[in-house]
Amino acid sequence: ELISSFAIATEPGVAPLWREPVMIWEASDSYLYARVDRAGRVIAGGGDAEVVEAAARDRLIPDRTARIARDLSDLTGHEVNPRDRWAATFGSSPDGLPAIGRARPSERVWLASGFGGNGISFAALAAELLTEELAGTPDPDLALFDPYRFQPR
């Protein structure tokens, strides 16, 4: 499934809007995430839309990113003024989980893809799971992300 998502970034030096250097993930509909980069910019996103044609998606940028800024302002109690706004289209698997594991039939090729809108979180998880697998201490949870789980057995 292809979905488009929207994001904003503030001027450098604005952060922190909250006390600790953590990523915020508000799991509402539409979800909202926010994090801070090393330059002190707040980067926030969400507002997914089932639009994949680039021109149609890009026409939604002003409205969707204004909503992200407003929702983050409401959540943190600080006014959020975006400097940059953008959108991207991403793919998601039927169960929303990424594909992490050995590529068939190769013994030396591994996959970590299909992160969907959760790339920040799933990339860290993929790194942890693959590191353990390659070190010889496999995590049983790796089976949940089998790249071939949707193929008939």
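R41 is partly exposed at 23% relative accessibility (partly exposed lies between buried, under 20% relative accessible area, and exposed, over 50%, with a 1.4 Å probe and protein chains only). The model is predicted, so local features need pLDDT of at least 70 and side-chain atom pairs pLDDT 80 or more, while totals for chains, interfaces and linings use all residues. Residues are numbered from 1 along each chain as its sequence is written, and side-chain values use heavy atoms, without hydrogens and water.

**Salt bridges**
- There are 7 salt bridges (a side-chain nitrogen of Lys or Arg within 4 Å of a carboxyl oxygen of Asp or Glu).
- R41 pairs with D37 at 2.7 Å, N to O, and D37 is buried at 16%.
- E11 and R83 form another, with their closest N and O atoms 3.7 Å apart.
- This pair links distant parts of the chain, 72 residues apart.
- E107 and R102 meet at 3.4 Å, N to O; E107 is exposed at 57%, whereas R102 is partly exposed at 32%.
- E11, R83 and D84 belong to one network of salt bridges with shared partners.

**Nonpolar cores**
- The largest nonpolar core has 17 residues, and W18 and L72 have the most contacts inside it (a core is a set of buried Ala, Val, Leu, Ile, Met, Phe, Trp, Tyr and Cys residues joined through side-chain atoms within 4.5 Å).
- Helix 2 gives the largest share of this core, 4 residues (helices are DSSP runs of H or I, at least four residues, and strands are runs of E, at least two, numbered from the N terminus).
- A second, separate core of 8 residues includes L129, L130, L142 and F145.
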